[in-house]
Amino acid sequence: MPTRHPSTAADVIVVGAGMIGAACAYYAARAGLSVTVVDRGPVAGGTTGAGEGNLLVSDKEPGPELDLALLSLRLWLELAPDIRAETEFEPKGGLVVASDPAGLDALRRFAKEQGAAGVEAYEIPGDRLHDLEPHLAEGLAGAFHYPQDAQVQPALAASRLLRASGATLRLGEEVTALLTGADGTVRGVRTATGAELYAPNVVNAAGSWGGALARLADTDLPVLPRRGFVLVTEPLPRVVRHKVYAADYVADVASDSAALQTSPVVEGTPAGPVLIGASRERVGFDRTLSPRTVSRLAAGAARLFPVLAGVRVMRVYAGFRPYLPDHLPAIGPDPRVPGLLHACGHEGAGIGLAPATGLLISRFLTGAAPDLDARPFRPGRFSEETPEDLS
């Protein structure tokens, strides 16, 4: 192995300067490791910059992802107050609404299961909904209030964690190769500028492009992009107090369909604009604006909040959620490439799951015990063929 030049050497290289990469850098640095973060674009230039910044437990059924979300929520609350303030952290809570009694019954069963796992949820009858959301539509059967749900401004959050990490940033440099030794062990990366950056560990935090980075190491991670649009209204008084969404949003998140799905998701922001989602479809990396999708999102929001019907939409942006077939992220070492770790595939939950992901990666890097059972997130699970291998 060639001698590492001090200016390009680190304990770990994180590929990706979005929220997941920022959290990996932050917790690795807290564990005493030196970190270099490399991204072909700016901080939060990919999926993070196109997100709404949701930190949700309300949309997750009991299981590994909810465990990860609850750990992340704890870590968000443990961040220094100045860090949280600079990310526009807002513990505003979520409200999941049902249009009819059958839908409310389904929410009731779902909330009961979540409660056993540590989620707080409170039923709100239809005639009390306006106490929480005065502008909500009339005639809804009821809702469940999730006080643990919160929101951050995602680009600010990624930037602030990177700054707190003290990591060396190499922005505008695309990773074109993973450097390996004769035994296949990772020893760094090469970028499009020709620079060779050395480290015994490389973390794949490339989001929707994580599969492409894995292929550079001759390994496989079946990450696919799932496109979504977000509508941003003109600044308004606080007409929406919580994150409010219809019950079918949970089913859309868990769906494997490649076809277009939309379900109304509406939330206000401290700056005034209302954010409107959510859509999902698998169309590769096509960013083409879809008038049909925008129309469906706007109509869904107006059904939930009629006051929005006459509000102007100032802009629409698209993003790609990094989707894995079982809807769980890949977090941990690649069993086929020593020194390569993955931290991607969080779909639309990456902002909320980032702290726990970063903490788990730091545990793997230092050999410390993880804070929860990380086996469901192991990157090699997609190539495992027998039940024995999965145990």
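Tutor: Let us start with Val189, whose bridge partner in β11 is Leu197. This pair belongs to strand β10 (residues 186-191), which is joined to β11 by 3 bridges and runs antiparallel to it. The model is a predicted one, in which local features need pLDDT of at least 70 and side-chain atom pairs count only at pLDDT 80 or more, while totals for chains, interfaces and linings use all residues. Residues are numbered from 1 along each chain as its sequence is written, and side-chain values use heavy atoms, with hydrogens and water left out. Helices (H or I, at least four residues) and strands (E, at least two) are DSSP runs numbered from the N terminus, and two strands pair if DSSP finds at least two bridges between them.

Another open sheet has 6 strands in the order β8-β2-β1-β12-β19-β18, and its pairing is mixed. Because β8 (168-171) and β18 (330-333) stand at the edges with a single partner strand each, one side of each is left without a neighbour in the sheet. The twist from one strand to the next averages 20 degrees. Within this sheet, strand β1 (residues 12-15) and strand β12 (residues 202-204) pair in the parallel sense over 3 bridges, and Ile13 has Val202 in β12 as its bridge partner. Helix α10 (residues 350-366) packs on the sheet and touches β1, β12, β18 and β19 (340-344), with a direction that makes about 15 degrees with that of β18; contact means heavy atoms within 4.5 Å.

Helix α10 also meets other helices. With α1 it packs at an angle of about 40 degrees, the axes being 7 Å apart, and that makes α1 oblique to α10; angles under 35 degrees count as roughly parallel, over 145 as roughly antiparallel, 65 to 115 as roughly perpendicular and the rest as oblique. The crossing of α1 and α10 is right-handed, where left-handed means that the near helix is turned anticlockwise from the far one by less than a right angle, and right-handed that it is turned clockwise. The α1 side of this contact consists of Met19, Ile20, Ala23, Cys24, Tyr27 and Ala28, and the α10 side includes Ile351, Ala354, Pro355 and Leu365. By class, the residues in the contact of α1 with α10 are 12 nonpolar, 4 polar and no charged; Ala, Val, Leu, Ile, Met, Phe, Trp, Tyr, Cys and Pro count as nonpolar, Asp, Glu, Lys and Arg as charged, and the others, Gly among them, as polar.

Helix α2 (residues 64-78) approaches α10 with axes that come within 7 Å and cross at roughly 90 degrees, so α2 and α10 are roughly perpendicular to each other. Among the α2 residues in the contact are Glu65, Leu68, Leu75 and Trp76, and among those of α10 are Ile351, Leu359 and Leu360. The contact of α2 with α10 divides into 12 nonpolar, 3 polar and 1 charged residues.

Helix α1 (residues 19-30) has a further neighbour in helix α6 (residues 154-165), as their axes come within 8 Å and cross at roughly 25 degrees. That makes α1 roughly parallel to α6, and the crossing of the two is left-handed. Met19, Ala22, Ala23, Ala25, Tyr26 and Ala29 of α1 meet α6 residues that include Pro154, Leu161 and Leu162. The contact of α1 with α6 has 12 nonpolar, 1 polar and no charged residues.

Gln261 stands opposite Arg280 in β16, while Leu231 stands opposite Ile276 in β16.

Conventions:
Axes are lines fitted to C-alpha atoms, for helices over the stretch in contact, and angles run from 0 to 180 degrees between N-to-C directions.
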